[in-house]
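Q: Please go through this model and say what stands behind the terms used for it.

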Amino acid sequence: MSIRKYRKLCGMTQKELAIAMDVDQAAVSRWETGETKPLRKTHQRLAGSLGCTVDELLAPDAPQA
């Protein structure tokens with residue numbers, strides 16, 4: 001998932017995304033680290049908040065060099 005990538009492209013903090021998604025900041029952090037995943041029913045809302053499509057959001061992250 002590319003949540004962190006799209007959040008940063010939008011210039012949002014984890015706290016701002018958490019507020020938009022009505023979750024706590026720790027949840028956003030866990031999504032970004034891959035510790036947990038957002039519920040499937042929230043994917044569309046999350047993508048909308050981040051200005052991307054669900055397909056873009058769910059694409060695997062590129063490997064770190």
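Q: What makes a residue a contact of L50, and which residues does L50 touch?
A: Contact means heavy atoms within 4.5 Å. Leaving aside residues up to four places away in sequence, L50 touches I3, Y6, R7, C10, M12, L17 and L57. This is a predicted model, in which local features need pLDDT of at least 70 and side-chain atom pairs count only at pLDDT 80 or more, while totals for chains, interfaces and linings use all residues. Residues are numbered from 1 along each chain as its sequence is written, and side-chain values use heavy atoms, without hydrogens and water.

Q: What is called the largest nonpolar core, and which members touch the most others?
A: A nonpolar core is a set of buried (under 20% relative accessible area, 1.4 Å probe, protein chains only) Ala, Val, Leu, Ile, Met, Phe, Trp, Tyr and Cys residues joined through side-chain atoms within 4.5 Å. The largest has 13 residues, and I3, L17, W31, L46, L50, C52 and L57 touch the most other members. At least two residues of this core come from each of α1 (3–9), α2 (14–21), α3 (25–33) and α4 (43–50).

Q: How many helices and strands does the chain have?
A: Helices are DSSP runs of H or I with at least four residues, and strands are runs of E with at least two. The chain has five helices and zero strands.

Q: Why is the chain called as compact as a globular protein of its length?
A: The globule rule is 2.2 Å times the number of residues to the power 0.38, and the radius of gyration is taken over C-alpha atoms. For 65 residues the rule gives 11 Å, and the radius of gyration of the chain is 11 Å, so the chain is as compact as a globular protein of that length.

Notes:
Buried means under 20% relative accessible area, exposed over 50%, partly exposed in between (1.4 Å probe, protein chains only).
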